[in-house]
Amino acid sequence: MSAVRSSHWDAVYSGKDEAKTSWFRPHLDESLRLIDALDLPRQAPVLDVGGGRSTLAEDLLARGFSDIGVMDLSAVALDETKQRLGEHAGRVHWMTGDVTEVALPAAHYALWHDRAVFHFLVDAEDRARYAAAMAHAVRPGGHAVIGTFAADGPKRCSGLPVARYDASSLAAMFASEFEPVAHSRDVHRTPSGNEQAFTYVVLRRRGDAGHA
Ligand SMILES: C[S@@+](CC[C@H](N)C(=O)[O-])C[C@H]1O[C@@H](n2cnc3c(N)ncnc32)[C@H](O)[C@@H]1O
């Protein structure tokens, strides 16, 4: 499954310039707003799941974050992002992998971020694997910021079907290990001028905050 998925996304990224993909925006403003509100220590380990070509890593580096990981299925996307970061690319941990399969360190991340990735998991087993990976990798007291298409958002993206969520149905996917902290709705304007409604949730990993 992973090889099929990665060749789909590699082909998408090879065939389209950054600003031609529907999800492109110069900065992930809503994600940044929610992350800023958490006021995390700057050494907090952060993982951007399915980061693609987004500028989140640069924007977090500019805020002083020093331990940033970016994971994506697509080596093509990550290579382009590394090129764009130039000399700063070495300050980011890059991982090529499928979030439903990749091995991640246990109880490590203080922040898990996902914009427009989880909604591609339309199979319940994949969603369960994603939730298990997140619960495994996020430390107790750590947070997750997840943005998906809203219940009235698009039904497909990049030629693939998606699952759509309101804040409660999205938080429910992770309810066994994460409690909801905040949620928001954001309307993304695609480069071609269409509007796409997103649901964002901020979740907190249950358990003693300890060193989070
Ligand atoms: C719609 S793009 C969003 C990219 C980025 N998060 C942003 O907001 O600009 C979805 C991204 O998720 C990646 N992706 C899709 N399924 C994935 C999976 N199972 N594991 C890791 N990455 C995945 C794709 O390669 C792609 O880069």
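Two aromatic rings of Phe, Tyr or Trp are taken as a pair if their centres lie within 6.5 Å. By this criterion, a search of the whole structure, which is a predicted model, finds 11 aromatic pairs. One of them joins Y130 and F174, whose ring centres are 5.9 Å apart; the planes stand at 55°, so the pair is tilted. Y130 belongs to helix 5 (residues 124-137), while F174 sits in the loop between helix 6 and strand 8, so the pair ties together parts that are 44 residues apart in sequence. Y130 has 0% relative accessibility and therefore counts as buried. F174 is likewise buried, with a relative accessible area of 3%. Both rings are members of one aromatic cluster, formed by W112, F118, Y130, Y165 and F174.

The structure holds 15 salt bridges. In one of them R53 pairs with E80, with 2.9 Å between the closest N and O atoms. This pair links distant parts of the chain, for R53 is found in the loop between strand 1 (46-49) and helix 3 (56-62) and E80 in helix 4, 27 residues apart. The two partners can be described by their accessibility: R53 is buried, with a relative accessible area of 7%, whereas E80, at 33% relative accessibility, counts as partly exposed.

A further salt bridge is formed by R205 and E177, whose closest N and O atoms are 2.8 Å apart. Here too distant parts of the chain are linked: R205 lies in strand 9 (residues 195-205) and E177 in the loop between helix 6 (167-172) and strand 8 (178-189), 28 residues apart. R205 is buried, its relative accessible area being 14%, while E177 counts as partly exposed at 31%. Another salt bridge connects E179 with R204, the closest N and O atoms being 3.6 Å apart. Because E179 lies in strand 8 and R204 in strand 9, this pair ties together parts that are 25 residues apart in sequence. E179 is partly exposed at 30% relative accessibility, and R204 is partly exposed with a relative accessible area of 22%. Elsewhere, salt bridges that share partners join R5, D98, D126 and R129 into one network.

An N or O atom in the side chain of D98 is 2.9 Å from a nitrogen atom of the ligand. Taken alone, the ligand exposes 590 Å², of which the protein buries 98%. There are 19 residues around the ligand, and those that come nearest are Y13, G50, D72, V99 and R115.

Y13 leads in turn to S74. Leaving aside neighbours within four places in sequence, S74 is in contact with W9, D10 and Y13. The place of S74 is in the loop between strand 2 (68-72) and helix 4 (75-85). The side chain of S74 reaches the backbone nitrogen of V76 at 3.3 Å. With 0% relative accessibility, S74 counts as buried.

Definitions and conventions: Residues are numbered from 1 along each chain as its sequence is written. This is a predicted model: local features need pLDDT of at least 70, side-chain atom pairs count only at pLDDT 80 or more; totals for chains, interfaces and linings use all residues. Side-chain values use heavy atoms; hydrogens and water are left out. Helices (H or I, at least four residues) and strands (E, at least two) are DSSP runs, numbered from the N terminus. Buried means under 20% relative accessible area, exposed over 50%, partly exposed in between (1.4 Å probe, protein chains only). A polar contact is a pair of N or O atoms within 3.5 Å; within protein, one must be able to donate a hydrogen and the other to accept it, and residues adjacent in sequence count only if both atoms are side-chain atoms. Contact means heavy atoms within 4.5 Å. A salt bridge is a side-chain nitrogen of Lys or Arg within 4 Å of a carboxyl oxygen of Asp or Glu. A residue is near a molecule or strand if one of its heavy atoms lies within 4 Å of it. Accessible areas come from the Shrake-Rupley method with a 1.4 Å probe; for residues, only the protein chains shown count as cover. Rings of Phe, Tyr and Trp (its six-membered ring) pair if their centres lie within 6.5 Å; planes under 30 degrees apart count as stacked, over 60 as edge-to-face and the rest as tilted.
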